[in-house]
Amino acid sequence: MNESHARHGANVDEHHEHHDHAEHAGHAEHAGHAEHAGHAEHAGHAEHAGHAGQFRRLFWIMLLISIPVVAFNDMFADIIGYDLPDAGWVWWVSPILGTVVYFWGGWPFLTGGLSEIRDRKPGMMLLVSLAITVAFLASWGASLHLLSHELNFWWELALLVVIMLLGHWIEMRSLAQTTSALDSLAALLPDEAERVEGDEVTTVAPADLRVGDIVIVRPGSSVPADGHIVDGSASMDESMVTGESATVRRQAGDHVVAGTIATDSGLRVEVTATGDDTALAGIQKLVADAQASSSRAQRIADTAAGWLFWFALGASAITALTWTLLGMPESAVVRTITVLVIACPHALGLAIPLVVSIATERAARGGVLIKDRLALESMRTVDAVLFDKTGTLTKGEPAVTAVEPAEGWDKDTVLALAAAAEADSEHPLARAITGAATSAGLQVPRASDFSSSPAVGVQATVDGSVVQVGGPHLLDQQGRDELPVASQWREEGAIILHVLADAHVIGALRLADEIRPESRDAVDALHSHGAQVVMITGDAQAVANTVAAELGIDRVFAGVRPEDKSAKVKELQDEGMKVAMVGDGVNDAPALAQADVGIAIGAGTDVAISSAGVILASSDPRSVLSVIDLSQASYRKMQQNLWWAAGYNLISVPLAAGVLAPIGFVLPMSVGALLMSASTVIVALNAQLLRRLDLTPAASTAKFLGRTPAQ
C-alpha cells in the first residue's frame, strides 16, 4: 500500500474487496490434476474424469460376475472344502463367466499393456495384462483337458481382475479433475467487447479487436484488451492480475490491462495490444510453460512395477528353462505360469492409491485439498517456502497498528473521535478505524454533517467539534505539521492518517496491512522443520522489511512485478533449493506452477487454485505445516506398503519357481493367491492408519514446534 492510498475520497466503493473464494466446497471437485496416477502415459485416456466412473462400473459388474466364477470353480471348492452340484452346467460357469471377466473387466489393462509395449516402457499394466492372459489361456487349456488340471486358474483370474479394478477406481477417484489454469485465465476476459465505430457502438468478440480500436468499458465490466484510457477515470480492480486487494485509480493516459475491472465508472480505452501480446496472454504462457516443465516426474510405484516386470519375466524364463532341462516339461509349464500369476502386483497396485486416497480424504477434513500427488510427495523434501505477503502472511486489508496522541490528548479519545468521523464511510481505511475502536471497547460518539473529499479526507461534527481525518493533503490545507512519529512510520511503509479537531492536530493513526496472528507460528514451525522462509511482494522494501522483521523471515523479495514472480522462484531453484510457493492471485499462478510445490491459499482466485498442486481451504498459513505433516506420514506409508508389496513378490516368486523343490517344498498356486490377497489386506490396513493423523493447522504446527496444540 503506497502513498497514493494514504487517503480515501468520496467514492466509498473505490475499494474492491479481494476476490474471495472461501467457499472451497466448490473446488473440492477440482482436487485432481490432469495427469493420472502414473498410468496416464500408458492407459490411453486415463486422465479424463470419466475413467473413474468406468473403473467404478467395471468393478461392481465384475464383482457380481466373479462371485459365481469363484463359487462354482472346483479348484476353489477343493481348497475351501465344499462339494459342487453334480450337474453338467456347473462345469461351464467358471470358463464362460471367466472369459467375460477377462475380456470385459481386463480390457483397460490389456489396452494399457499394449500401450506400454508401443511406448517401450513396460510396467504394471503390461505385467497385469500378461498375468491375466497367461491365467486365461492356461485355464481354458485345463478346462478343455489340454493341460494339467492344476492350471485351472479361473477363480484366481476373477479375483485378480476385480482387485486391480478396485485399485484403479480408488486411484482415479482420489484425483478428481480440475479446471485448467489456462481456462481460468481466459475466463477473465469478457465474452463481448463494445467497439466504437464512428457514431455507433458495435458488439464484437475480444478476439476481433485490433490495435487502435476504441472500446467502451462500462462500470463493473472487465477490460477486453490491453490499452490506455482516452476518456474517463475509474477505480480499477486489478486483483486478478496483481493479487492486491486495493483498487487503483486510473485516468486518461494511464495503461490498463486485459481482465481488470472498472468498478465505479465507465471508460473509453484505445487498444494497444491484443491476443498473444497482452499481459494476460503472457501470464498464460508462463503458466503453460511452468506446468509443462514440471509434469515429467516419475512415480516410485511405476519404477517398482517396471523392475517387477523384468524380475517376473526373468524369473519365469529361468523357471521354464530349469524345469525343462530337468526333464519335466509339464512342471515347467505349471511353475512358469504360477510365477507369472503370483508375481502380479495385487498389493503393489493398491500400495500407492490407497495411501493417496486416504491421505486426500484426511487432508480435506483438515482444510487441505490435494490436487497433485507429486506435490504432496514432494512437500516433505522442500527446503524453502516462499510466501506471497498480501493475503497470505497478512490479511490483505488495512488495520490500525498504532495510535499516537498529541500533547494533552489520550489514545482512546483520538481513536474514538476518528471512528466517529469515519462511521458513515465504507472505505477500507474507515472500516479499519471503526473496527479498531470496536475492538478496544470504546464508546464512539455520534457524528453529523459527514462529508468526504477525494485524496484529502473525511469531515464530521462530533460533540460540537469539527473532526477531520486524512492524509498529507489535509495537513497542507489546514497548514498543520505532522506529528514527529510520522517520519518513523513512513520509513516502515505504513499508511499515516492524522486526526484534527477544530483544525488542530490531536493525534495520528498508523495503518498497515494486518499480519495474520498465525503467521508467526507458521514461520517458527517451518524453521523448526529446517526450511528457509522467504517472502515475496510487490510492496516497497520498507513495508516488506517491517513484516519480515516482525515474523522472523529469512529473506525478502520486495517490489517484484507480477510477471517476475516465477523468475524469483526459478532463482531459488537455481541455488539448489526445493521450493514451495504459497500465494493467491492470478499474478501468483506462474510462480505456483514453476515451484516444486504450488500451494494456493484460501482467498486465492480460480487460476491460482488451478495452477497449484495443493489448495489451503482456509487462509491460515499454518496449514502449510499440515501439508508437510501429511506428506511425511503418507510417504512413510507408501514406503512401507511398497516394501511389503514388492518384498512379497521377491520372496513368493522364487518359492513359486520351485527353488525349495529339492527339499520337497513347492508353493501351490492356490496358496500363493491366498497369500497375495492377505498381502493386499495388510497394505490396506496399514494405509488406514493415516486416518488417525490430526491435520488441523494448530496440531501440525505444534508438532513441529514440539508443544501441545492450543485448542
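Which residues in α27 are buried?

Author: First, some ground rules. This is a predicted model, so local features need pLDDT of at least 70 and side-chain atom pairs count only at pLDDT 80 or more, while totals for chains, interfaces and linings use all residues. Residues are numbered from 1 along each chain as its sequence is written, and side-chain values use heavy atoms, leaving out hydrogens and water.

Now to your helix. The buried residues of α27 are Pro-697, Ala-699, Ser-700, Thr-701, Ala-702 and Phe-704. Buried means under 20% relative accessible area, with exposed over 50% and partly exposed in between (1.4 Å probe, protein chains only). Helices here are DSSP runs (H or I, at least four residues), numbered from the N terminus.

What lies over those residues? The cover includes α20 and α25 (623-657).

Let's stay with α20. Helix α20 (residues 519-529) and helix α27 (residues 697-705) have axes that come within 8 Å and cross at roughly 45°. That angle makes α20 oblique to α27. Oblique is what remains once you take out roughly parallel (under 35 degrees), roughly antiparallel (over 145) and roughly perpendicular (65 to 115). The axes are lines fitted to C-alpha atoms over the stretch in contact, with angles from 0 to 180 degrees between N-to-C directions. The crossing of α20 and α27 is left-handed: the near helix is turned anticlockwise from the far one by less than a right angle.

Who does the touching? From α20 come Asp-521, Asp-524, Ala-525, Ser-528 and His-529, and from α27 come Thr-701, Phe-704 and Leu-705. Contact means heavy atoms within 4.5 Å. Sorted by class, the contact of α20 with α27 has 3 nonpolar, 3 polar and 2 charged residues.

Just past the end of α27, Gly-706 takes a positive phi of about 70°.

One stop elsewhere, for the rings. Ring pairs link Tyr-102, Phe-103, Phe-136, Trp-140 and Trp-154 into a cluster. Rings of Phe, Tyr and Trp (its six-membered ring) pair if their centres lie within 6.5 Å; planes under 30 degrees apart are stacked, over 60 edge-to-face, the rest tilted. Trp-140 and Trp-154 have ring centres 5.6 Å apart and planes at 90°, so that pair is edge-to-face. Trp-140 is partly exposed at 22% relative accessible area, whereas Trp-154, at 0%, counts as buried.

Note on methods:
Helices (H or I, at least four residues) and strands (E, at least two) are DSSP runs, numbered from the N terminus. Ala, Val, Leu, Ile, Met, Phe, Trp, Tyr, Cys and Pro count as nonpolar, Asp, Glu, Lys and Arg as charged, and the others, Gly among them, as polar.
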